[in-house]
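Please keep the sequence and the coordinates at hand while reading.

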Amino acid sequence: MHTMNTHTSDVVVVGGGLVGSALAYGLLRQGLFVAVVDGGDDALRASRGNFGLVWVQGKGYGLADYARWSFGSARLWPGLRDALHEETGIDVELAQDGGLHICLTEGEMQQRLERLQWLRREVNDPGYQHTALDAAESRQRLPGLGSEVVGTTCSPMDGHCNPLKLLRALHTANQRRGVALFNRMQVDDIAHQGGVFTVRAGTARWQAPRVVVAAGLATQSLAAMLGMFVPVRPNKGQVLITERMAPFLPYPTNYIRQTDEGTVQIGDSMEEAGYDDMVRSPVNAKIAARAVRCFPALANARVVRTWAALRIMSPDGFPMYQESATLPGAFAVTCHSGVTLAAQHAFTIAPWIAGGARPAAIAAFAATRFTPDTEVKPYGI
Amino acid sequence: MASNHPLFKPLPAVQPVPSTVTVQVDGAPVRMSRQASLAAGLLAAGVTAVRRSPVGGGARAPYCMMGVCFECLVHVDGVPNQQACLITPQEGMHVQTLHSLAASESEGAHV
Amino acid sequence: MSDSIRDLIVIGAGPAGMAAALAARRRGLDVLLLDEQPDVGGQIYRSITTTDAQRQRILGPDYSHGETLAQAVKAAGVEHWPGTAVWQVDTDKTVHALRGGANHHIAAKALVIATGAMERPFPVPGWTLPGVMTAGAGQILLKNAALVPSAPVVLAGCGPLLYLLAAQYLRAGVKIQAILDTADGTDWRLAIRHATALLAGWGYVRKGLGLLREIKAAGVPFHQGVEQLRIEGAGADAAEAVAFTRRGQAHRIACGLVLLHQGVVPNNQVTWSLRARHHWDDKQLSWVPTCDDWGQTSLPGIYVAGDGAGIGGALVAELQGELAGIAVANALGQGTCQDGEAQRARIRQHLAIRPFLNQQYRPRDAFRIPADEVIVCRCEEVTAGSIRAQVALGCSGPNQTKSFSRCGMGPCQGRQCGLTVTEVIAQATGLPPSDVGYYRIRPPLKSLTLAQLASE
């Protein structure tokens with residue numbers, strides 16, 4: 001990777017994680033010359049902490065546009081998978097055979113059903129579906145499900161992929177399409193003059209008529225330089241991974257999925273822990289205990305690795321897609337579902353950033369819905 | 001995988017003679033020193049490989065003998081993926097090297 | 001299961017751990033000493049309390065010294081948990097460990113991490129074959145199991161430990177087929193730079209020369225300046241020969257057991273998992289936790305001692321352990337406020353020889369940073385070439401290459417590949433290893449079942 005004093009391109013993407021890389025991919029497909037400026041190996045990288053779900057059910061309670069947005073992404077996902085496979089030979093292991101949300105108490109099940117019913121009414125699309133399964137039906141779908149499981153909600157819209165292969169596939173595709181990638185950079189500021197944005201990291205500079213800030217937790221401070229208020233804060237999630245196991249879990253669930261490599265991934269948690277991304281007790285123990293309640297046979301499965309990552313959380317938990325009102329051509333993009341939304345980012349958001357009309361579907365996600373006085377809900381277990 | 005030519009043999013005339021236990025290795029009884037690790041006992045008994053790599057399928061055997069390489073993983077008394085170099089053999093212990101589980105891959109876990 | 005707060009938990013019962021526990025205990029502290037082996041001694045004094053006279057003769061007087069320390073630890077009433085696998089250490093000094101299948105978490109006011117050293121990775125073609133082990137493994141089999149090679153063995157690599165093992169095998173009547181020395185060869189101009197160190201550490205040098213004399217007197221074929229090395233197997237299932245080149249000439253030795261060694265490096269899994277500060281030591285070619293002169297890391301109340309703090313050998317380890325124990329006692333108000341200068345002076349004496357040894361036995365670049373086709377990650381079978389390809393794709397460090405290639409994700413969690421990967425990336429990017437960094441090490445440091453984890 002090279003550093004030059006001033007690099008010029010059609011668009012600079014600040015951030016090379018899942019969001020930045022998917023946007024870059026889409027922009028490259030639009031025929032633009034794209035520069036991606038990324039941090040170092042030890043940067044906080046939510047992209048390395050993903051669970052890998054391509055998930056629709058349950059999302060958007062309180063803001064049906066988010067349900068539609070996620071649903072739309074799930075429908076676009078096979079196209080992303082195929083394009084990446086064709087261009088890079090990498091199979092990101094997308095499986096969209098359905099997913100189940102496990103409920104361990106009657107109260108949970110009741111609340112879940114109410115929310116899903118609300119969502120179905122609001123979304124009002126025949127393809128947007130879910131089914132409620134009682135304990136027995138759930139166990140038929142997932143043999144080995146524990147007796148503490150009172151029921152599940154099942155949706156054909158849901159699935160999972162290999163998020164690390166996805167990131168590698170995006171990097172590979174972008175490289176083949178001629179992206180200029182600069183890593184180990186820490187962007188200090190973004191300035192603007194006469195229709196040109198200048199991104200600066202130390203003595204290195206990138207100039208373009210368009211700039212997208214997709215830098216995770218660093219987005220807020222950089223977006224502020226471009227006249228945008230994009231409030232994000234970290235929310236910590238911990239995940240456990242077991243040794244490889246013989247296949248036993250045909251569908252991903254909200255807590256547990258079996259990867260294409262045979263390992264079983266178990267999550268997750270939500271903690272207000274500031275910028276601490278170390279794995280800590282007792283949360284890892286709680287995650288383990290819940291997994292054993294879901295699948296008692298996992299009691300003897302060995303945990304070989306754990307990780308923690310920081311979600312990029314907006315005040316209401318929904319994404320932000322914003323073009324600066326004062327500086328057209330400057331954009332900010334944040335979300336905490338970079339895997340599910342990868343298809344939308346590549347195929348819908350990128351054309352907008354390239355100069356197209358703003359998609360109607362994202363009007364609800366303007367960052368202008370927040371002001372510095374907006375109350376922030378803490379998300380936690 | 002056991003052969004008739006163990007890679008390691010006992011030092012002659014060890015005093016006092018270490019007491020031994022009988023361990024079942026892949027169904028066959030094997031006498032092992034109570035003082036040496038299970039991995040050492042397997043090597044002395046002529047076991048040349050204890051597992052296959054789940055990635056490439058090649059045979060693997062103990063490498064470091066001190067718990068940092070994780071090559072010597074065997075099933076002990078039904079519990080999978082134990083580091084044999086950190087286990088002291090006990091009378092009646094049942095050890096399975098993963099070769100013997102090839103037929104029943106649908107049960108149990110393998111790393 | 002949680003226990004009451006201890007004054008000090010020592011992780012590792014080798015010379016450093018034993019000395020730390022002893023020093024603290026003698027100053028009235030409540031000390032818990034943990035180790036995953038069935039008895040004290042670590043690796044250097046492995047099985048010291050159970051070896052017989054014959055083995056002690058073979059192993060030499062340095063080994064027997066460990067028995068004094070082991071007896072002292074027992075006599076002082078240090079609480080010792082053998083067979084205990086530490087799987088998580090928190091920055092607040094809580095230690096999570098498995099003992100007899102049961103999970104414990106124990107709080108402490110201070111920690112001494114004395115996890116010692118491990119063999120430097122030696123990635124050559126065929127190194128994952130059965131029949132290939134480390135020289136350290138050979139020594140452990142001798143100490144712990146009274147086992148020696150049954151057929152003529154090849155020793156390959158460099159460093160005093162390799163020659164020590166060769167001498168020990170000869171005393172035990174083992175036939176050594178050949179010693180393949182992979183060091184860069186004696187460059188006396190560089191060695192002379194360390195002449196003062198040589199004189200100061202003459203005891204060590206004399207010992208080393210004595211070993212070499214023993215080996216040469218036995219007529220063992222000794223090939224110096226080996227440039228390339230590969231181990232060939234029967235199918236993919238067993239080593240059957242070693243091929244090497246030396247001064248451009250190719251050689252092949254039929255052999256079913258090859259013991260590799262190119263020095264030892266600190267075993268830092270615990271300190272990395274704590275995110276203690278480490279620095280790259282270019283003389284030792286490894287990462288070392290950054291400490292003050294009592295051994296305290298960048299995390300208050302957490303100390304390292306022994307080879308885990310930087311390779312110095314068993315006597316240095318003992319002195320560093322003592323310093324750490326004294327420091328903890330001082331911090332808890334129970335020391336005699338010794339300033340530790342006597343111990344530091346002796347440490348300096350013992351370390352005087354290190355620059356010479358580091359130079360003399362510096363492992364060749366080619367054996368630390370291998371060719372594309374060589375496996376660097378044994379667990380996931382990731383090659384050096386794959387790492388280089390990920391760098392070309394935009395990965396700037398080992399965590400990114402890990403996420404793109406799975407290198408470092410296997411059961412050993414980077415212990416066997418970490419150093420290699422740092423150096424491969426350093427070479428590929430032109431950045432120094434200190435800029436490239438190391439893996440993010442996460443718990444569990446040893447695997448445990450979900451049920452065990454849930455029982456916290």
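Which strands of chain C does helix α5 lie across, and at about what angle does it run to β10(C)?

## Helix α5 and the sheet of chain C

In this predicted model, helix α5 of chain C, made up of residues 160-171, lies across β8's sheet partners β10, β11, β12 and β16 of chain C, and its direction is at about 155° to β10(C). The sheet itself is open and has five strands, which follow one another in the order β8-β16-β10-β11-β12 (chain C) with parallel pairing. At its edges stand β8 (132-134) and β12 (222-223) of chain C, each of which pairs on one side only.

## Pairing of β10 and β11

Within the sheet, strand β10 (residues 153-158) and strand β11 (residues 176-181) of chain C are joined in the parallel sense over five bridges. In this pair, Val154(C) is found opposite Ala178(C) of β11(C).

## Val74 of chain B

In chain B, Val74(B) belongs to strand β6, which covers residues 73-76. Val74(B) counts as buried because its relative accessibility is 0%, and, leaving aside residues up to four places away in sequence, the residues that it touches include Leu38(B), Leu42(B), Val50(B), Pro80(B) and Val95(B).

Ala84(B) is another of the residues touched by Val74(B); the two lie ten residues apart along the chain, and their C-alpha atoms are separated by 6.4 Å.

Key. Residues are numbered from 1 along each chain as its sequence is written. Chains are lettered from A and ligands numbered from 1 in the order in which they are written. This is a predicted model: local features need pLDDT of at least 70, side-chain atom pairs count only at pLDDT 80 or more; totals for chains, interfaces and linings use all residues. Side-chain values use heavy atoms; hydrogens and water are left out. Two strands pair if DSSP finds at least two bridges between them. Helices (H or I, at least four residues) and strands (E, at least two) are DSSP runs, numbered from the N terminus. Contact means heavy atoms within 4.5 Å. Axes are lines fitted to C-alpha atoms, for helices over the stretch in contact, and angles run from 0 to 180 degrees between N-to-C directions. Buried means under 20% relative accessible area, exposed over 50%, partly exposed in between (1.4 Å probe, protein chains only).
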